[in-house]
Amino acid sequence: MTERKRVIIIGAGHNGLVCAAYLARAGREVLVLEAAGRVGGAAITREFAPGFRVSACAHLSYLLDATISRELQLATHGLKFARTDLRTVALAAAGEHLVLNGALLEAGQVPPADHAALRDYRTQMLRFARVLGKQHNRRPPRIAGGGRADLLGAALLALDIRRLGRDSMREFMRIAAINIFDVLDETFESPLLKGALALDGVLGAQLGPRSNNSVLALLHRLSGEASGVPGGVSLPEGGMGAVSDALAAAARSSGASLRTGATVTRITLDGERVSGVELEGGERLSAGTVISNADPSRTLLGLLGAQHLETGFVHRVRHFRAKGMAAKLHLALEGLPAFARLPAALAGERLLIAPDPAYIERAFDHAKYGRCSSEPALEITLPSVHDHTLAPAGRHVLSAIVQYAPYDVRASSEAARAAFLETTLSLLERYAPGLRQQVVASELLLPIDIEREFRITGGHWHHGELSIDQFLMLRPVPGAAQYAMPVNGLYLCGAGCHPGGGVMGSAGRNAAQAVLAAEQPT
Ligand SMILES: Cc1cc2nc3c(=O)[nH]c(=O)nc-3n(C[C@H](O)[C@H](O)[C@H](O)COP(=O)(O)OP(=O)(O)OC[C@H]3O[C@@H](n4cnc5c(N)ncnc54)[C@H](O)[C@@H]3O)c2cc1C
């Protein structure tokens with residue numbers, strides 16, 4: 001094996017693991033260096049109180065790529081699902097909840113017209129999302145100066161949009177340019193239904209329902225086919241860490257070496273080309289190719305250094321928008337919480353607190369000015385209902401995304417964390433009276449905590465906003481959307497690249513293909 005063919009991957013997030021597996025299968029000598037004590041990055045399961053385990057960042061699987069699952073044989077490597085195709089329950093404090101099963105309203109009252117509108121809306125959104133889904137495993141085409149592959153990529157993208165047909169294509173363009181608040185207002189009457197649908201357009205993003213890009217964010221969220229169901233949502237058995245463990249097993253079985261507790265402090269250069277990395281403690285490792293699963297800013301400005309990059313490029317990387325807005329709540333509970341008038345059989349579904357789009361917009365207002373919401377919107381799961389590996393018998397784990405908590409919160413993070421935990425518990429208590437008394441232990445992670453624990457600059461869900469200016473061939477920044485960075489031999493493979501965040505694996509697969517393609521004679 002020549003040194004040129006040796007590959008170092010910085011970070012064993014799920015994308016780093018996917019990338020490692022594909023490159024090892026292609027015969028490369030692959031070494032993955034992970035700073036944390038375990039693999040998985042933001043897709044891990046960890047114990048947060050004695051006997052209680054939780055998916056510590058990502059908690060639901062809806063984007064995991066089916067091609068990757070099949071090619072890397074994740075089922076053979078141990079991946080199972082405790083539950084597929086979860087329903088969504090739009091919680092109402094007084095108990096008139098809506099139960100949604102895809103396009104079907106299974107329980108709850110809405111004006112009659114909303115039933116048909118929901119079917120049409122879901123069908124259309126899934127068609128639009130499919131256009132994005134088709135781009136997941138493709139390298140974004142270069143806008144200018146590309147070759148044949150770029151022309152073909154651009155043609156395929158145009159064709160996917162054309163295939164929608166004239167009317168749908170117009171509608172796609174129209175709604176992509178407005179916001180989810182207006183789209184839902186045009187379509188439905190029920191505020192509760194609109195609230196539940198709006199939340200998917202803002203989760204994890206620095207957006208309110210009235211923000212531009214909220215339709216794009218929604219379509220991105222719907223663009224997967226977890227466990228074969230378009231837009232479906234699943235729970236891996238053993239939590240999201242089980243996805244990463246299966247990917248690590250696939251990478252190892254293909255010959256990749258994984259080293260945890262290995263923090264890269266510097267990417268080293270030999271002239272204009274990468275030569276390897278330096279670790280905390282001074283150890284140096286050489287490789288002809290270095291691929292970073294860390295976010296773009298950490299990789300390019302931190303590990304490589306702005307001095308090795310052209311000024312205009314550095315400017316673009318510095319302005320990559322990546323400030324997190326979502327907090328994560330974990331509760332260890334001594335019993336199953338009783339949500340007002342919600343049958344216990346539905347407690348294990350995906351529960352939302354988002355009573356209407358204006359509520360979510362108001363919750364965002366606080367965060368715009370550096371404060372956590374006084375009445376946040378929540379996506380709640382109780383995975384232990386389906387998965388007994390997560391909590392002692394009869395006890396439960398609650399995992400919730402709490403939107404909104406800004407990265408640069410004005411108060412000290414200790415004060416903000418304590419106050420936001422209190423706010424969130426009080427809100428939950430309104431929907432599930434008595435829940436407070438069931439809490440054995442709690443943990444709330446603000447974006448600043450996510451940055452520290454998971455080494456994601458800004459603590460952002462996608463390593464950076466998913467907005468039209470940071471999408472496809474503009475992600476992370478123009479001139480670096482094809483995974484190769486402006487320094488020879490250096491690549492990115494994480495959520496900061498196309499097609500963005502969520503536990504999907506496509507960025508890792510695409511980056512591996514870019515590395516292999518670069519070795520082909522032109
Ligand atoms: C609060 C929250 C909730 C979310 N919920 C969901 C959800 O329900 N479903 C979903 O699909 N997605 C969800 N996401 C998004 C998802 O978790 C991420 O987009 C995804 O995990 C990113 O994967 P990645 O492999 O690209 O990067 P990461 O998982 O961030 O992995 C990067 C790895 O690089 C390592 N690293 C960084 N710097 C160094 C260094 N110098 N040396 C060595 N190693 C280094 C890190 O430790 C980390 O392991 C959520 C995200 C957040 C923040």
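**Ligand site, pocket and cavities**

Guide: By class, five nonpolar, five polar and one charged residues make up the lining of the second largest cavity. Keep in mind that this is a predicted model.

Visitor: Which residues line the second largest cavity?
Guide: Among them are Leu 132, Gln 135, His 136, His 220, Phe 471, Arg 475 and Gly 500. Domain 1 (3-42 + 240-321 + 464-519) and domain 2 (82-237 + 323-454) each supply at least three residues of that lining.

Visitor: And how much space lies in the second largest cavity?
Guide: About 60 Å³.

Visitor: How many cavities of 30 Å³ or more does the structure hold?
Guide: Five. The largest cavity has a volume of about 100 Å³, and its lining has six nonpolar, two polar and two charged residues. Asp 200 and Arg 221 are in that lining, along with Tyr 62, His 220, Trp 461 and others.

Visitor: OK, switching to the ligand. Which residues are closest to the ligand?
Guide: Glu 34, Ala 42, Leu 60, Trp 461 and Val 503 are the closest, out of 35 residues that surround the ligand. By class, that shell has 19 nonpolar, 13 polar and three charged residues.

Visitor: What lies 2.8 Å from an oxygen atom of the ligand?
Guide: A backbone N or O atom of Val 503. A polar side-chain atom of Arg 455 is 3.4 Å from a ligand oxygen atom, and a polar backbone atom of Ala 35 is 3.2 Å from a ligand nitrogen atom.

Visitor: How much of the ligand's accessible area does the protein cover?
Guide: The protein covers 99% of the 1000 Å² that the ligand has on its own. Helices H1 (14-25), H10 (296-305) and H15 (447-454) are the elements that give two or more residues to the shell.

Visitor: Where does the ligand lie relative to domain 1 and domain 2?
Guide: Both domains give residues to the shell around the ligand, so the ligand lies between them.

Visitor: Last topic: what volume does the second largest pocket have?
Guide: About 640 Å³. It has 28 lining residues, and those closest to its centre are Tyr 491, Ala 514, Ala 517, Ala 518 and Glu 519.

Visitor: Which element gives the largest share of that pocket's lining?
Guide: H16, with seven residues. The lining as a whole has ten nonpolar, ten polar and eight charged residues. Domain 1 and domain 2 both give residues to this lining, so the second largest pocket lies between them.

Technical notes
Residues numbered from 1 in each chain as written. Predicted model: local features only at pLDDT ≥ 70, side-chain atom pairs only at ≥ 80, totals over all residues. Heavy atoms only, no water. Near = heavy atom within 4 Å. Polar contact = N/O pair within 3.5 Å; in protein donor to acceptor, adjacent residues only side chain to side chain. Areas by Shrake-Rupley, 256 points an atom, 1.4 Å probe, with all protein chains shown as cover. Helix = DSSP H or I, 4+ residues; strand = E, 2+ residues; numbered from the N terminus. Nonpolar A, V, L, I, M, F, W, Y, C, P; charged D, E, K, R; others polar. Domains from an automatic or database assignment. 1 Å grid on protein atoms, 1.4 Å probe; cavity = no way out; pocket = protein on both sides within 12 Å on 5 of 7 lines; lining within 4 Å. Points joined across faces, edges and corners; volume = space filled by probe spheres on them.
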